[in-house]
Amino acid sequence: MLINCVAYRDGHRLADIRQEDISEYLAMPGCFVWVALRDASESEVLAMKEEFNLHELAVEDALHGHQRPKIEEYGDTLFTVMHAVQFTPTDELVSGEVAIFAGSNFVLSIRNRVSQSLLGVRARAEKEPHMLRRGPGFVMYAIMDAVVDRYFPVIEALETELEAIEAQIFEPGVTRENIRRVYELKQRITQVKHAVSPLLDAVGKLVRGRVPPLCEDTREYFRDVYDHLERMQGALDSLRETATTAIQVHLSMATIEESEVTKRLAAWAGIFAAATAFAGIWGMNFEVMPELKWRWGYPMALGLITATCGVLFWRFRKSGWL
């Protein structure tokens, strides 16, 4: 679906144009066209391919989706793929894709499976005509910066969730549930890392060594995006390590809890074993046992069993087994 199709010259908006008029504005000196598509159909993408003379391999990647974040050069055109990570109203973490084609006189952005709008990027860019005058390179930076900045609240939410789980580590009875929550959290962290790490490597090519001519005037701005991604990479690595440690601690707590249960069972088994041993001895049918015909023999036997069990209970309690 076509969201916007706007022509710009010298950092200012010329007009909203029709798709049929794109070629006319591309031919104007100092003019560039910025087109935005959302969940575009194949026919819409192929139409843009003809208008901007896009490479067929890049168009194929944009159509099929599910690409790894990357920045590729096709002649004078840069093709960028980014993952847009966001939470749904049900707190499920989902990933969409934003593809950007940028040439000397055009920018085409295609977002798929992304509910968040990028209209704010256009509005912010139009408020800075001195920056928009830099052309498609600045527009490409502005879109990338907007997508990357939306990773921050996601990472902060993951940090908050991990802190909440850590606060319950030593609470009894929640170990199994916490292990499940930490494992699910680790999967989310990995999902965000898959969006950040490849993009970090790709943006690094725009700030080091040979820089594509399109980005030459905006190299310092892409360096800012690179710095943000580098910070996110460090935060995600720290989260993964903390989550792994939390899982190990929970497993240790589970082992300790099982050990406590085992010790209690062993202690009670020892107490009843002593009682069973005495009962088994006096239950034998021997006539020569002196206390069998003694008046206080039965109370004495019960008392001895009780005393023995009491001593064992006291010893186990003192040792921390009960």
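Which helix holds the place of Phe313? Phe313 sits in helix α10, residues 297–319. The model is a predicted one, in which local features need pLDDT of at least 70 and side-chain atom pairs count only at pLDDT 80 or more, while totals for chains, interfaces and linings use all residues. Residues are numbered from 1 along each chain as its sequence is written, and side-chain values use heavy atoms, with hydrogens and water left out.

**Overall make-up**

- The protein chain has 10 helices and 7 strands; helices (H or I, at least four residues) and strands (E, at least two) are DSSP runs, numbered from the N terminus.
- Of its 322 residues, 42% count as buried, where buried means under 20% relative accessible area, exposed over 50%, and partly exposed in between (1.4 Å probe, protein chains only).
- The accessible surface of the protein chain is about 17500 Å², and 55% of this belongs to carbon and sulfur atoms; accessible areas come from the Shrake-Rupley method with a 1.4 Å probe, and for residues only the protein chains shown count as cover.
- Among contacts in the protein chain with a separation of 6 or more, 64% are between residues 24 or more positions apart; contact means heavy atoms within 4.5 Å.

- Strand β1 (residues 2–9) and strand β3 (residues 31–38) run antiparallel and are joined by 7 bridges; two strands pair if DSSP finds at least two bridges between them.
- Tyr8 is placed opposite Phe32 in β3.
- Strand β2 (residues 12–16) pairs with β1 over 4 bridges, also in the antiparallel sense.
- Ala7 stands opposite Ala15 in β2.
- The hairpin formed by β1 and β2 has 2 residues between the strands, and Asp10 in the turn has a positive phi of about 55 degrees.
- Asn4 belongs to strand β1 and is buried at a relative accessible area of 16%.
- Leaving aside neighbours within four places in sequence, Asn4 is in contact with Trp34, Val35, Ala36, Leu119 and Arg122.

**Buried residues in helices**

- Ala58 lies in helix α3 (residues 56–64) and counts as buried because its relative accessible area is 1%.
- Ala58 and Phe101 are 43 residues apart along the chain, and their C-alpha atoms are separated by 8.7 Å.
- Lys193, found in helix α8 (residues 175–204), counts as buried at 12% relative accessibility.
- Not counting residues up to four places away in sequence, Lys193 touches Pro198, Gln233, Leu236, Asp237 and Arg240.

**Salt bridges**

- The structure has 13 salt bridges, each a side-chain nitrogen of Lys or Arg within 4 Å of a carboxyl oxygen of Asp or Glu.
- Side chains of opposite charge can pair when their charged atoms come close.
- Asp61 and Lys70 form a salt bridge, with the closest N and O atoms 2.8 Å apart; Asp61 is buried at 17%, and Lys70 is buried at 16%.
- Arg188 and Glu161 meet through their side chains in a salt bridge at 3.2 Å, N to O.
- This pair links distant parts of the chain, with Arg188 in helix α8 and Glu161 in helix α7 (residues 151–166), 27 residues apart.
- Arg188 is partly exposed at 22% relative accessible area, and Glu161 is partly exposed at 23%.
- Asp21 and Arg18 form a salt bridge at 3.2 Å, N to O; Asp21 counts as buried at 19% relative accessibility, whereas Arg18 counts as exposed at 54%.
- Arg13, Asp16 and Glu126 are linked in a network of salt bridges.

**Cysteines**

- The structure holds 0 disulfides, a disulfide being a pair of cysteine sulfur atoms within 2.5 Å.
- Cys31 is buried, with a relative accessible area of 5%, and Cys215 counts as buried at 0%.

**Nonpolar surface patch**

- Trp268, Phe272 and Phe313 make a nonpolar surface patch of about 320 Å².
- Patches are made of residues with over 30% relative accessible area and no salt bridge; like charges are joined within 9 Å, and nonpolar side chains (Val, Leu, Ile, Met, Phe, Trp, Tyr) within 5 Å.
- Phe313 is partly exposed, with a relative accessible area of 31%.
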